[in-house]
Amino acid sequence: MNPQITSFQQYQEVYNQSVNDPEGFWAEVAQNFQWRKPWKKTLEWDFATANTKWFVGGKMNITENALDRHLATRGDQAAIIWESNDPEEESITLTYKMLHQKVCQFANVLKKHGAKKGDRICIYMPMIPELAIAVLACARIGAIHSVVFGGFSAQSIADRINDAQCNIVITSDGSFRGNKEIALKSTVDDALIQCPSVQKVIVSTRTRTPVSMLKGRDVWWENEVKTVSSDCPAEEMDSEDMLFILYTSGSTGKPKGVVHTCGGYMVYATYTFANVFQYQPEQIHFCTADIGWITGHSYIVYGPLCHGATTLMFEGIPTYPDAGRFWDVIDKHKVDILYTAPTAIRSLMSFGNQFLENKDLSSLKTLGSVGEPINEEAWNWYNENIGKGKCPIVDTWWQTETGGMMISPIAGITPTKPGYATLPLPGVQLMLVDEQGNEILGNGVSGNLCIKFPWPGIIRTTYGDHERCIQTYFSTYKNLYFTGDGCLRDEDGYYRITGRVDDVINVSGHRIGTAEVENAINMHLGVIESAVVGYPHDIKGQGIYAYVICDKDLEDKDLARKDILASVTRVIGPIAKPDKIQFVSGLPKTRSGKIMRRILRKVAEGETSNIGDTSTLLDPSVVEEIIGGAL
Ligand code: PRX
């Protein structure tokens, strides 16, 4: 991968080059890939209309880069190593040759059922090899995948399918997570009652959970692959054709379908993978995310495979059968790179170090962190106990919308500091601004984090609603992409992300919109109104705190609490369940009816005295009541 960064001085040079001549820089990087036709223009952009095009006119297919081009050189090398939820079950290794064959085969199954370039296909699956195969098979034929995390509810699946008008769903009978068996197909069935666009459901077998198969609509993966050839030429894609949609929560309304396109995303995910982790041939890369999130898309599937790496896919959870499972997986497969979330680190840390005993972690070279700010204690524990003080930690800041890592150390090259994502990667031009959008210059400052120049992995649109993309990301500050994060730049020019500045909560590294949770709570009979805020949580980073106004007649508050949790689980999924529910008789509102969340946040954080100015409130007495009943 050119330019391969090998020293800090070189990083600085490359960074400067990428700012002085972004097009030249990215054109050089893009030469490392296989294009069917070269691009005519490297970049076209206009932030005012949220239009960015990279490698304009270039033709390619990302699976030719992820699979075909490796066949001659590393066809027998492991592409995917799969580790089951059950430590007793044998792991599976798919070489590049095998993966190529399986992807082509399944791509032919999709074609047989009428899938074609541009169709949207929803994937709702456990972390089994078939998930990666399904994703790549869509890309092979130019269909746009929309992977929905296996923990989302039927309603969430239906919303996403309808928004994208998907015509095919790929799922499994069920999934194993720890000691739980979760029915996936039946959840899909519930969703599909509301989804007339879906013509076909392809079901892979994992748990043997009984499922109902609808004649004419539902087919078994295993049967279908038997009937097709394993030869499937890749569809020629334009660099700017859509590759996938991935839904993510924002501060308002329903989740948005973030759109990434083929060329720029491929170049960006792969370049950042190779450089940040300093991946060396034959190394085993273990990213613990689920492919249902962007981290899994970019750093389990596309980045590693386009780079010809070996990627480890783990079906289970860090605490099953016990809190030593990650360490067992690392020991068993001699993992070189571990990429995980601070929540997992904090959770494992809380079990004490006995789960590390007799685990050989000496294969580890690099540790990564992603998804949320990492506190110093967790950073130090990770460094001392997992990296044994010898593995660089890359704290990588990025978003679904950025496609790949944006601010991060380069492993072993950028000097690190606990809690800091450190410096922007090549091609990333940051700017801190104040509320009015004025640039905040100098060091030892903080502000809202913006990006002033496009990078190849930038969001292209929000599916079906380009205006929303403009409004959400490019309108807060003129000619800037606004991240929604607060950030400080210290005396050394190092960046530290301080958290969201909008109404998005980051729970265990998952983005949850407060408005979405409020809508789900309000759907419950007996709830009049609610307001949701985040509060610091020792393990999850942030927890969800809901203030709820109920009907006067509601007698049994404990039951109401359980009912509300059930409603949220049904409407969104268990990940959005409030950790705390406080029943209140009113919410602090201004005379114009706006809820003063600042006050609710303070109370949720445990603050009882320094609540700030309440004089603009319609009824300041509600604040006393809220403080009095704080949980
Ligand atoms: O607030 C930031 C936080 O996660 C948000 C993006 O969430 P999502 O799109 O789900 O992507 C997560 C995985 C890339 C950001 O706006 N975030 C992500 N990484 C970090 C982080 N906060 C602090 N430090 C990080 N390393």
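I began with the ground rules: the model is predicted, local features need pLDDT of at least 70, side-chain atom pairs count only at pLDDT 80 or more, and totals for chains, interfaces and linings use all residues. I also noted that residues are numbered from 1 along each chain as its sequence is written, and that side-chain values use heavy atoms, with hydrogens and water left out.

**Helices α1 and α2**

I looked up α1 (residues 8-20) and α2 (residues 22-30), which pack at an angle of about 115 degrees with axes 5 Å apart. Here helices (H or I, at least four residues) and strands (E, at least two) are DSSP runs numbered from the N terminus, while axes are lines fitted to C-alpha atoms, for helices over the stretch in contact, and angles run from 0 to 180 degrees between N-to-C directions. On the α1 side I found V14, Q17, S18, V19 and N20 in the contact, and on the α2 side P22, F25 and E28, where contact means heavy atoms within 4.5 Å.

**Helices α6 and α7**

I then turned to α6 (residues 154-164) and α7 (residues 185-192), whose axes lie 8 Å apart at an angle of about 55 degrees. That makes α6 oblique to α7, given that under 35 degrees counts as roughly parallel, over 145 as roughly antiparallel, 65 to 115 as roughly perpendicular and the rest as oblique. I listed A154, I157, A158 and I161 of α6 against T187, D190, A191 and L192 of α7.

**The ligand**

Around the ligand I recorded 17 residues, the closest being D395, T396, T400, D485 and R511; a residue belongs here if one of its heavy atoms lies within 4 Å. I noted an oxygen atom of the ligand 2.8 Å from an N or O atom in the side chain of R500. A ligand nitrogen atom is 3.3 Å from a polar backbone atom of E372, and a backbone N or O atom of P373 lies 3.5 Å from a nitrogen atom of the ligand.

**Around α11**

Between β17 (310-314) and α11 (325-333) I found the loop that holds P321, which a cis peptide bond joins to Y320, with omega about -5 degrees. In the loop between α11 and β18 (337-340) I found K334, a residue other than glycine whose phi is positive, near 50 degrees.

Methods:
Polar contact = N/O pair within 3.5 Å; in protein donor to acceptor, adjacent residues only side chain to side chain.
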